[in-house]
Amino acid sequence: MEHFWNYLHSPARILDACCRNIHFALFGLGDTSYPQYNAAAKQTLKLIVELGGKTLVDTVYRDANEDDPDKVFHDWKKKVMEAVLADGVIEKDSEACLRHQGDIGDFNLIKQVIAEEEKTKASEKKIKIKASEDIKPDAEKVLSISNREAIMKGFISSVKEVGANDHSSKLVSIVIQDHAGYSPGELIKVWVLGDTASVTKIFKHLRLNESKVVALGNRSKRSPLLGGTATANVAFHRLADLNSRITDGVLDSLKHYVKGLDKKKIQTMLDDLKSQKRRFLKKGTITSLLCSLPSLKITVEELLDIIPQLKPRYYSIASSSYETASVVSFVMKKVVDDDGFVGTASQHFAKLNVGDEVTFQFAKLAFRCPAPTTPVVMVCTSSAVGPFRSFLKHMEASMRKGLTPRPENWHLFYGSKGESDSLFTEELRYYKDIDILEGLRFCYSREGKKEHVQDALVQEKETVYKLLVEKKGTLMIAGSRSLVKDLRKLFVETLLANGSTSEKKKASDGEALYNTMVQENRVSLEAWG
């Protein structure tokens, strides 16, 4: 974005030649909780239009707080593709513009990509995974993501122990082929596939034809792995979340396809959920429910509309392409709720073996590796340390290649239950020893001093204030939504109001400083859960 912005401010002769002949589409990413919502996108739109650019479709601004922000993007993307393919003038003008610019792009390549996307609608390139060793028998695998849209091929080349005391974490490295690299701090978007054994069990119980060709219609939009039609077996494997919990919605829909004792059984379940004010049963999965209803008579299409759909999961990159260009690594943590129910993705990745396939795309979020000259306060807990490990590896590799100087004033506050629960402990200490990290603080909530990251930040508030306020550093937080919320409050009320005298003035000054940092793009948050 910085290079593009500078380009727009380059000499008027070049700009006039470009913008008078260019049709463009703009999609803004923002968060309405920030004071200046989508400010960068709106400024960019205004500048290009003033320079003679013409909008291809209406500009759309995405709010990260919406229930389904990705849908907004995909709807906009569809309109852009339709407009590009439908208007020959756009193609002609764009071709002339690109020939003039030279270094901006190859128009023939753009046309080829558009034609390929329109032809296939979705790619089914997959990633083969190879695991050399597991951390723990029931530990989970970890994935990594980037901002490219194309699905890439690769396989897990190595898995090493990362010291998860609760048997819940694993580092996974995927070897990716034909890939230009990825940026530290990006994400990997992984599609979880249905359990083959569960699919077979359901089809056998319900006497459904696995080979029947199903017209998927709008259902195919749920997955990039499907076209307009598929066999029933494939459709279930790639769309249906058969290991998910039994919800009141599923029960309410299925009761119309059963009779006798089965109908009474479902109604009893619904009554129990209502009395307990719950939305799902404590025990059982969709598979166990379907196989416990002998009177169930339903078609494949009807089942696909009732069963919860499989959704992609996002994981943070924990490696650097500068270190190993063909390998991307991520950390995955096993998710178990209060009822002891293991999440669908956790079950899926726990069963992966050497040679199994994983389908993923690279997808970009807010985190970006800071410049080495920028003071940084990094705060995280547990497996959320992944992106910061990526930054440190990236910086070390860049230094070895002579591309960047040694970072100044990088500080990491890392919280976990105890030392055995911390990931990459020795690596982080190594980065402290070679001065890539100026400050490293491990905060163990159940060992030693029994402190949280909040406690450590308060104890070092003078340092934090100096880095963020006096030196205009960057604040980066990775962890649960509740942690991010608590830390924002701490920074506003305590850490950024270091020189204030009264509590009221502290809160006011802290809020003002925090908002200023947000406006200056000096706050990055990665919240999960």
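Two residues are in contact here when heavy atoms of theirs lie within 4.5 Å of each other.

With neighbours up to four places away in sequence left out, serine 416 touches Asp421, Ser422, Cys443, Tyr444 and Ser445. Is serine 416 buried or exposed? Its relative accessible area is 9%, and buried means under 20%, so serine 416 counts as buried. A polar atom of its side chain also lies 3.1 Å from the backbone oxygen of glycine 418.

Now let us step back from the residue to its strand. Serine 416 belongs to strand E17, which spans residues 410–416. Strand E17 pairs with strand E18 in the parallel sense, over six bridges. To get from E17 to E18, the chain passes through helix H15 (residues 425–433), making a β-α-β crossover that is right-handed. Helix H15 lies across both E17 and E18, and runs at about 150 degrees to E18.

Why is strand E18 largely enclosed by the rest of the structure? Five of its six residues, within the stretch 439–444, are buried, so the strand has the rest of the structure around it for the most part.

Next comes the sheet as a whole. In general, strands of a sheet pair through backbone hydrogen bonds, either parallel or antiparallel. Here, five strands form an open sheet in the order E18-E17-E16-E19-E20, and the pairing is parallel. E18 and E20 (523–528) are the edge strands, each pairing on one side only. On average, neighbouring strands of this sheet are turned by 10 degrees against each other, ignoring direction.

At the E20 end, strand E19 (residues 474–480) pairs with E20 in the parallel sense over six bridges. Look for methionine 476, which stands opposite serine 524 in E20. Another helix, H17 (residues 461–470), lies across E16, E17 and E19, and runs at about 130 degrees to E17.

Finally, a word on confidence. The protein chain has a mean pLDDT of 76, and 71% of its residues reach 70 or more. Over residues 11–17, however, pLDDT stays under 50, and the model has nine contacts beyond four places in sequence for them. Residues 116–166 are also below 50, and this stretch has 212 contacts in the model beyond near neighbours in sequence. Where pLDDT is low, the predicted coordinates should not be read in detail.

Technical notes. Residues numbered from 1 in each chain as written. Predicted model: local features only at pLDDT ≥ 70, side-chain atom pairs only at ≥ 80, totals over all residues. Heavy atoms only, no water. Buried < 20%, exposed > 50% of the residue type's maximum accessible area, 1.4 Å probe, protein only. Helix = DSSP H or I, 4+ residues; strand = E, 2+ residues; numbered from the N terminus. Pairing = 2+ DSSP bridges. Right-handed = clockwise from strand over helix to strand, strands pointing away. Polar contact = N/O pair within 3.5 Å; in protein donor to acceptor, adjacent residues only side chain to side chain. pLDDT = per-residue confidence, 0-100. Axes fitted to C-alpha atoms, helices over the stretch in contact; angles between N-to-C directions.
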